[in-house]
Amino acid sequence: WEFNSHQTRSCAALAQRFDKITVREASGIKLCHEKLGVEAELVLDPTLLLTADDYRPLYQEIEPEPKPYLAAYLLGHDQERRAFCEAMARARGLEVRYFGADANAKLSIEEWLSQLNRASLVITDSFHGTVFSILGHREFITLGHQGRGLSRLKSLLGLTALESRLFEEIPEGGIELPSIEWKGVDERLDAARQQSLDLLKKSLDAFSSNTKQ
């Protein structure tokens, strides 16, 4: 919990005004209950309410890279992460394409999607980098960061039974990745997607009924 007692009291008072609160990581349910005095429900991140087929038209007209490559979508550009990406690229005979989300980021949304969805391997420390790797059925490695979003990464990868793709420490030496059984991943996502959409529709219907009264 990152907030002081004054901020917590203010947030708790505001949280009480909502009819429904949802979170995208399991730990958020406990925090909402203990710190804000409200009950929350776990749902998918909004980007996961769409499928790969929904996103594909956004980037299908972009020319693919001429050579196979490793997409390194990193929010933390430290030397250790870069060295790991370079080693993995050399081991697989791939070029490396680095891109991020800071003020120097130059890719459009469409180009960003194209880079991730056409990579031979994705290495990322980003939640949404992981999301789109899963949606696009990409071979991927997620590098965890204790100070940023680790809880939601664990929730997502636990839901999809892809915990083996998360490394909380930068691996040393070569690593062997188990193959991904995408049919099972998609089935788990479909079930969670339907549950999240049902909850959203139910909440909107209830809101609509209340405003009419």
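Predicted model: local features only at pLDDT ≥ 70, side-chain atom pairs only at ≥ 80, totals over all residues.

Trainee: How many helices and strands does the protein chain have?

Mentor: Eight helices and seven strands. Both are DSSP runs numbered from the N terminus: helices are H or I with at least four residues, strands are E with at least two. The C-alpha trace spans about 60 × 40 × 35 Å along its principal axes.

Trainee: What share of the protein chain counts as buried?

Mentor: Of the 213 residues, 39% do. Buried means under 20% relative accessible area, exposed means over 50%, and partly exposed is in between, with a 1.4 Å probe and protein chains only.

Trainee: Why is R193 called buried?

Mentor: Its relative accessibility is 8%, which falls under the 20% limit, so R193 counts as buried. R193 sits in helix 8, residues 182–212.

Trainee: Which residues is R193 in contact with, leaving aside neighbours within four places in sequence?

Mentor: L44, L48, L49, L50, T51 and L135. Contact here means heavy atoms within 4.5 Å.

Trainee: What makes the pairing of the R193 and D190 side chains a polar contact?

Mentor: A polar contact is a pair of N or O atoms within 3.5 Å; within protein, one must be able to donate a hydrogen and the other to accept it, and residues adjacent in sequence count only if both atoms are side-chain atoms. The R193 and D190 side chains make such a contact at 2.8 Å, which is within the 3.5 Å limit.

Trainee: Where is D45, and is D45 buried or exposed?

Mentor: D45 is in the loop between strand 2 (41–42) and helix 3 (52–59). Its relative accessible area is 5%, under the 20% limit, so D45 is buried. Its side chain is joined to that of T47 by a polar contact of 2.5 Å. Leaving aside neighbours within four places in sequence, D45 is in contact with R24, F127 and H128.

Trainee: Why is E41 called partly exposed?

Mentor: At 36% relative accessibility, E41 lies between the 20% and 50% limits, so partly exposed is the label. E41 is found in strand 2, and its side chain makes a polar contact of 2.7 Å with the side chain of K20.

Trainee: What does E41 touch, not counting residues up to four places away in sequence?

Mentor: K20, I21, T22, V23 and L199. E41 and L199 are 158 residues apart along the chain, yet their C-alpha atoms are separated by 9.2 Å.

Trainee: Which residues of helix 7 are buried?

Mentor: In helix 7, residues 150–159, they are L150, L153, S155, L156 and L157. Those buried residues pack against helix 2 (26–36), helix 6 (127–135), strand 6 (140–143) and strand 7 (166–167).

Trainee: What is the phi of A161, and where does A161 lie?

Mentor: Its phi is positive, about 55°, although A161 is not a glycine. A161 lies in the loop between helix 7 and strand 7. At 40% relative accessibility, A161 falls between 20% and 50%, so it counts as partly exposed.

Trainee: And what is the phi of H137?

Mentor: Near 55°, a positive value in a residue other than glycine. H137 lies in the loop between helix 6 and strand 6. With a relative accessible area of 30%, H137 is partly exposed, because that value is between 20% and 50%.

Trainee: Are C32 and C85 buried or exposed?

Mentor: C32 is at 10% relative accessibility, under the 20% limit, so C32 counts as buried. C85 has a relative accessible area of 0%, so C85 is buried too.

Definitions and conventions. Residues numbered from 1 in each chain as written. Heavy atoms only, no water.
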